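Student: I've got a model open and I'd like to learn how to read it. Can you walk me through it?

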Amino acid sequence: KKLSSMDAAIAYVRKNSRNLVSSRINNGARYVQDKIDDVDKFDHPLKIHTKHGIINAKILSTPEKFPVPISSDLTLWFSRIIEYKPSPLTKAGDSGSALLNGTVLVGMHFVIINNKGYAMFAKDIFAPGIFKGRNLKLVTDHNI
């Protein structure tokens with residue numbers, strides 16, 4: 001398998017500087033999907049909101065454990081991943097883009113392998129204590 005790209009970033013933005021940061025999900029996400037078992041039962045088609053535009057995503061599976069080969073001697077294992085077919089394919093720089101079902105944040109796109117996209121499940125990204133010393137929250141009421 002060829003690893004095309006993978007990244008993620010967390011940033012702290014001061015409350016009085018939020019207007020300096022744009023978001024491709026502003027005025028979009030109003031709720032975070034809380035059950036991974038329900039990702040294939042959505043009312044709306046899934047969309048990846050990227051800097052290159054909106055991409056359709058058809059769910060293929062939700063593997064419990066998923067290996068991402070980094071090098072010949074390093075493989076990272078992820079849990080609760082969403083596997084989908086993006087149409088068109090995502091491009092370089094689209095990692096970190098929101099995977100939405102209408103106004104429901106489902107996950108964060110992070111890698112393309114063999115023309116299949118993979119997203120981290122949103123509830124896992126915003127789970128309390130997932131990042132040591134950081135408590136993340138989804139902000140939906142302004143442009144960040």
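Tutor: We'll take it feature by feature, starting with what kind of model it is.

Tutor: This is a predicted model, where local features need pLDDT of at least 70, side-chain atom pairs count only at pLDDT 80 or more, and totals for chains, interfaces and linings use all residues. Residues are numbered from 1 along each chain as its sequence is written, and side-chain values use heavy atoms, with hydrogens and water left out.

Student: What is the mean pLDDT of the chain?

Tutor: pLDDT is the predictor's confidence in each residue, from 0 to 100. Here the chain mean is 75, and 65% of the residues reach 70 or more.

Student: How many helices and strands does the chain have?

Tutor: Both are DSSP runs, numbered from the N terminus: helices are H or I with at least four residues, strands are E with at least two. This chain has one helix and 10 strands. Along the sequence the pattern reads β-β-β-β-β-β-β-β-β-β-α.

Student: And what share of the contacts is made by residues 24 or more positions apart?

Tutor: They account for 64% of the contacts with a separation of 6 or more.

Student: Let's do burial. What share of the chain counts as buried?

Tutor: Buried means under 20% relative accessible area, exposed means over 50%, and partly exposed is in between (1.4 Å probe, protein chains only). Of the 144 residues, 33% are buried. The accessible surface totals about 9,000 Å², and carbon and sulfur atoms own 51% of that. Those areas come from the Shrake-Rupley method with a 1.4 Å probe; for residues, only the protein chains shown count as cover.

Student: Which residues of strand 8 are buried on each side?

Tutor: On one side of strand 8 (residues 98-101) you have A98 and L100, on the other L99 and N101, and all of these are buried, leaving both faces covered.

Student: What does strand 8 pair with?

Tutor: Two strands pair if DSSP finds at least two bridges between them. Strand 8 pairs with strand 3 (residues 46-50) in the antiparallel sense, over four bridges, and there A98 has H49 opposite. Strand 8 also pairs with strand 9 (residues 104-113), again antiparallel over four bridges, where A98 stands opposite M108. Strands 8 and 9 form a hairpin with two residues between them, and G102 in that turn has a positive phi of about 65 degrees.

Student: Which residues have a positive phi although they are not glycines?

Tutor: R80 is one, with phi of about 50 degrees; R80 is in the loop between strand 6 and strand 7. N114 also has a positive phi of about 50 degrees, and N114 lies in the loop between strand 9 and strand 10 (116-121). While you're checking backbone angles, look at the cis peptide bond joining S87 and P88, with omega of about -5 degrees. P88 is in the loop between strand 7 and strand 8.

Student: How many salt bridges are there?

Tutor: A salt bridge is a side-chain nitrogen of Lys or Arg within 4 Å of a carboxyl oxygen of Asp or Glu. That rule gives one salt bridge: R80 with D124, whose closest N and O atoms are 2.9 Å apart. R80 lies in the loop between strand 6 and strand 7 and D124 in helix 1 (residues 122-125), so the pair ties together parts that are 44 residues apart in sequence. R80 is partly exposed at 26% relative accessibility, and D124 is partly exposed at 25%.

Student: Last one: which residues make the nonpolar surface patch?

Tutor: Patches use residues with over 30% relative accessible area and no salt bridge; like charges are joined within 9 Å, and nonpolar side chains (Val, Leu, Ile, Met, Phe, Trp, Tyr) within 5 Å. Here I70, L74 and L76 make a nonpolar patch of about 210 Å². L76 sits in strand 6 (residues 74-79) and is partly exposed, with a relative accessible area of 32%.

Note on methods:
Contact means heavy atoms within 4.5 Å.
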